[in-house]
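The sequence and the model come next, followed by notes on selected sites.

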Amino acid sequence: MILITGGAGFIGGNFVHHWFERQQKSGLPPEQVVVFDKLTYAGNPQTISEHLQSGRATLVHADIADREAVRAALARYKPRAILHFAAESHVDRSIHGPGEFIHTNMVGTFSLLEEARAYWGAMNEADKAAFRFLHVSTDEVYGSLEADDAAFSETTPYAPNSPYSASKAGSDHLVRAYHHTYGLPTLTTNCSNNYGPYHFPEKLIPLMILNALEGKPLPVYGDGLNIRDWLYVRDHCEAICQVLEKGRTGETYNVGGINEIKNIDVVTTICRKLDELRPKADGSKYEAQITYVADRPGHDRRYAIDPRKIQREIGWSPAETFESGINKTIQWFLDNTEWVNAVRSGAYREWLDRNYAGRA
Ligand code: NAD
Ligand code: TYD
């Protein structure tokens with residue numbers, strides 16, 4: 001049994017699918033999953049409904065900052081590992097309201113670590129040695145790169161610039177300290193921007209796909225020349241599985257897609273693919289919907305991951321190119337309108353008004 005916080009979100013939900021598919025493919029004995037999730041606006045049990053219905057996965061609906069709920073889940077399900085995905089994850093939301101980010105990313109991670117420490121401390125020696133606390137973090141903790149800077153490695157100093165990245169940096173430091181001070185067998189992964197199925201449509205790629213299809217403006221922040229290193233979500237999930245199996249405790253591993261791309265190029269790639277798959281009735285091109293809008297305050301210019309440590313020590317490399325990954329992603333959004341409609345509730349529309357209405 002493994003316990004996954006945030007398993008109803010984008011990456012955690014994909015991880016649940018990947019976990020069971022991987023077991024099936026390799027003939028491994030099935031290992032159950034407990035998803036511990038507060039089900040915020042970003043958490044959607046529909047993402048993992050087939051596994052909940054089959055009984056392979058169980059959902060505990062609770063906040064990671066609720067220590068009694070965490071304690072009860074650990075006592076009841078006795079996981080051999082905790083995979084910590086739960087977080088407030090959207091930079092723009094952290095600019096509008098940082099409080100939730102401190103609550104979940106810092107206080108929540110602290111609560112989880114405290115309960116994990118007590119649970120692990122009471123195990124017998126063999127279980128103690130096998131236990132893992134895997135913390136999923138971001139490359140944004142390293143700050144922003146200039147065009148000719150070397151990519152982020154595991155030894156790059158932390159320099160977070162947004163309330164989101166600062167709260168994730170705080171959580172990374174806590175995880176490090178729980179290993180160093182108490183010996184908790186932790187693993188940390190810092191990955192670049194993920195994309196793929198079940199991506200909540202407030203983030204760049206799903207927002208652009210859905211706005212394009214609805215004939216809405218495609219809002220590119222600033223000059224559109226900011227660079228992200230795009231990682232297909234299933235490649236990330238596989239990296240996590242391998243770090244869980246082979247990672248050295250107390251270590252961090254950077255996970256990148258080896259796909260540095262300017263935002264404007266991401267958007268035009270999506271537009272051109274949609275021109276092919278869903279040509280517009282009036283013959284115009286989706287690119288005509290691109291609209292430059294006022295920049296995000298403190299917008300990091302470039303992120304890039306140096307993945308050599310995980311390649312060398314773990315033997316992981318991404319399987320998807322940006323072209324293959326974006327094609328799969330666009331097709332998924334075209335095929336899954338039911339999921340898309342379900343997540344775009346009234347609260348989602350309010351967010352769009354709050355984030356985009358004031359931008360020149
Ligand atoms: P997401 O926002 O899609 O999902 C977050 C999940 O956590 C949701 O299911 C939500 O309900 C749950 N959650 C939030 N607060 C909670 C709380 N207090 N208690 C319990 N559950 C709570 O996020 P994501 O994109 O899937 O990201 C997962 C992890 O990966 C995060 O830690 C994030 O920082 C990290 N990460 C994400 C990316 C990316 O590109 N999405 C890149 C690097 C790192
Ligand atoms: P995002 O998906 O929010 O991820 P992050 O900020 O964590 O990297 O944004 C990716 C990039 O796209 C980032 O440089 C901001 C930019 N962006 C836009 O230009 N327009 C948008 O509407 C959004 C949501 C993001």
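## A helix residue

In which helix does H51 lie? H51 belongs to helix α2, residues 49–54; helices (H or I, at least four residues) and strands (E, at least two) are DSSP runs, numbered from the N terminus. H51 counts as buried because its relative accessibility is 4%. Buried means under 20% relative accessible area, exposed over 50%, and partly exposed in between (1.4 Å probe, protein chains only). The side chains of H51 and H17 are joined by a polar contact of 3.1 Å. A polar contact is a pair of N or O atoms within 3.5 Å; within protein, one must be able to donate a hydrogen and the other to accept it, and residues adjacent in sequence count only if both atoms are side-chain atoms.

## Basis of the model

This is a predicted model, in which local features need pLDDT of at least 70 and side-chain atom pairs count only at pLDDT 80 or more, while totals for chains, interfaces and linings use all residues. Residues are numbered from 1 along each chain as its sequence is written, chains are lettered from A and ligands numbered from 1 in the order in which they are written, and side-chain values use heavy atoms, with hydrogens and water left out.

## Ligand 1

Around ligand 1 there are 28 residues, and the closest are I11, D37, S89, Y164 and K168. A residue is counted here if one of its heavy atoms lies within 4 Å of the molecule. By class, the shell holds 13 nonpolar, eleven polar and four charged residues. Ala, Val, Leu, Ile, Met, Phe, Trp, Tyr, Cys and Pro count as nonpolar, Asp, Glu, Lys and Arg as charged, and the others, Gly among them, as polar.

An oxygen atom of ligand 1 lies 2.7 Å from a backbone N or O atom of I11, and a polar backbone atom of I64 is 3.0 Å from a nitrogen atom of the ligand. In Y164, a polar side-chain atom is 2.7 Å from an oxygen atom of ligand 1. On its own, ligand 1 has 840 Å² of accessible area, and the protein covers 97% of this; accessible areas come from the Shrake-Rupley method with a 1.4 Å probe, and for residues only the protein chains shown count as cover. Two or more residues of the shell come from each of α1 (10–26), β5 (132–138) and α7 (163–182). The most come from β5, which gives three residues.

## Ligand 2

Ligand 2 is surrounded by 19 residues, with E140, R228, R296, H299 and Y356 the closest. Eight residues of this shell are nonpolar, five are polar and six are charged.

A polar backbone atom of Y221 is 2.9 Å from an oxygen atom of ligand 2. Side chains also take part: a polar side-chain atom of H299 lies 2.6 Å from an oxygen atom of the ligand, and an N or O atom in the side chain of Y356 is 2.6 Å from an oxygen atom of ligand 2. The protein buries 97% of the 510 Å² that ligand 2 exposes when taken alone. Elements giving two or more residues to the shell are α4 (91–96), α8 (204–213) and β8 (218–221), and β8 gives the most, with three residues.

## Cavities

How many cavities of 30 Å³ or more are there? The count comes to two. On a 1 Å grid over the protein atoms alone, a cavity is a set of points where a 1.4 Å probe fits but cannot get out, and lining residues have an atom within 4 Å of a point. Grid points are joined across faces, edges and corners, and a volume is the space filled by probe spheres set on the points.

The second largest cavity has a volume of about 50 Å³. Its lining includes E140, R228, R296 and H299.

## Loop residues

L39 lies in the loop between β2 (33–37) and α2, and its phi is near 55 degrees, a positive value in a residue other than glycine. Most residues other than glycine have a negative phi. L39 counts as partly exposed because its relative accessibility is 24%.

I258 is in the loop between β11 and β12 (260–262), with a positive phi near 50 degrees. At 55% relative accessibility, I258 counts as exposed. T249 sits in the loop between α9 (233–246) and β11 (252–255) and is partly exposed, at 31% relative accessibility.

Methods. 1 Å grid on protein atoms, 1.4 Å probe; cavity = no way out; pocket = protein on both sides within 12 Å on 5 of 7 lines; lining within 4 Å.
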